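Here are a few friendly notes to read with the structure open beside you. Take them one at a time, and find each residue as you go.

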Amino acid sequence: MTSIDQAVINEAAERLRTAAEGRVPCAPVRDLLGTEDMEAAYRVQQLLTAWRLNAGSVVTGRKIGLTSSAVQAQLGVDQPDFGVLFGDMDVSGGDVPMGRLLQPKAEAEIAFVLSDDLDGPDLGPADVRAAVAHAAPALEIVDSRVADWDISLTDTVADNASSGLYVLGDARLRLDEFEPRATTMRMYVNDVRVSEGNGAACLGDPLNALLWLARTAHALGEPLRAGQVVLSGALGPMALVAAGDRVHAEISGLGTVSATFTDKDSA
């Protein structure tokens, strides 16, 4: 159990909220939380979530981060994390507004939409597979409120797993039509290939990532619910993006997803 008191949790959360609202990246919060206290980091994330809900946001799912060894190597961490998705993060079907982002990067992944709750102490692979209504190709636009992406694991966890926005492609396939582990991915920025990978790069199988999240969420008393979207984690390295860029990803067997980054405050 964390020994960090609530006043310190509040200070870390306020630092990140000020960065987000003022659009000026802040110093890391590991000076307050340390680099290994995951419970404290998730307490900060939960406080930021509560503030956002109180302001009228709606939770629509979760994102799993740091599932790819390539992304772990980029950030110098060695385990997954998760964050909360809110309704206003979904910018599918339109431009991605750079005005809502600080220092974005794009990564291609598989989104799962749930048909059933995933709640219980003994969840297994069959439970997870049965609870998926369909998969969709996705771009996650990760972002960090911490200046220069100078993050440890506690920094990114506290900062809602460095979440930003996301885009879903048009395809919707059931798991009897598409096998996540067998897919390959190629992602392009302005028609230049910047990332490639495969389903096995995501904890060995994107469904393994979903199972990890389902068990973790249950243990925290916030289980996954029917209708929620789960971004299962990057299939390859993330790439920097800027206003004017067009990102396009091909996920074999599932489909494509594209987004154009515009110099706007809102979509």
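**Notes on the fold, the core and the rings**

1. Among contacts in the chain between residues at least 6 apart in sequence, 77% join residues at least 24 apart. Please keep in mind that this is a predicted model.

2. Next, the overall shape. The chain is built with 7 helices and 12 strands. A compact globule of 267 residues would have a radius of gyration near 18 Å, and the chain has 17 Å, which agrees. Along the principal axes, the C-alpha atoms fill a box of roughly 50 × 45 × 35 Å.

3. Of the 267 residues in the chain, 55% are buried. The chain exposes about 10900 Å², and carbon and sulfur atoms supply 48% of that area.

4. In soluble globular proteins, nonpolar side chains tend to be buried together. Which residues touch the most other members of the largest nonpolar core here? They are L33, L139 and L210, in a core of 73 residues.

5. How many aromatic pairs does a search of the whole structure find? There are 2. In one of them, the ring centres of Y42 and F82 are 4.7 Å apart and the planes are at 20°, so the pair is stacked. This pair links distant parts of the chain, with Y42 in helix α3 (residues 38-54) and F82 in strand β2 (residues 81-86), 40 residues apart. Both Y42 and F82 are buried.

6. F82 also pairs with W212: their ring centres are 6.4 Å apart and their planes are at 65°, so this pair is edge-to-face. Because F82 lies in strand β2 and W212 in helix α7 (residues 206-219), the pair ties together parts that are 130 residues apart in sequence. Y42, F82 and W212 form one aromatic cluster.

7. Is F82 buried or exposed? With a relative accessible area of 3%, F82 is buried, because buried means under 20%. W212 has a relative accessible area of 25%, so W212 is partly exposed.

8. Finally, look for charges over rings. R17 lies over the face of W51, 3.8 Å from the ring centre. The charged end of K105 sits over the ring of W149, at 4.6 Å from its centre.

Definitions and conventions. Residues numbered from 1 in each chain as written. Predicted model: local features only at pLDDT ≥ 70, side-chain atom pairs only at ≥ 80, totals over all residues. Heavy atoms only, no water. Core = buried A, V, L, I, M, F, W, Y, C linked by side-chain atoms within 4.5 Å. Buried < 20%, exposed > 50% of the residue type's maximum accessible area, 1.4 Å probe, protein only. Phe/Tyr/Trp six-rings, centres within 6.5 Å; stacked < 30°, edge-to-face > 60°. Helix = DSSP H or I, 4+ residues; strand = E, 2+ residues; numbered from the N terminus. Lys NZ or Arg CZ within 6 Å of the ring centre and 35° of its normal. Rg over C-alpha atoms; globule rule 2.2 N^0.38 Å. Contact = heavy atoms within 4.5 Å. Areas by Shrake-Rupley, 256 points an atom, 1.4 Å probe, with all protein chains shown as cover.
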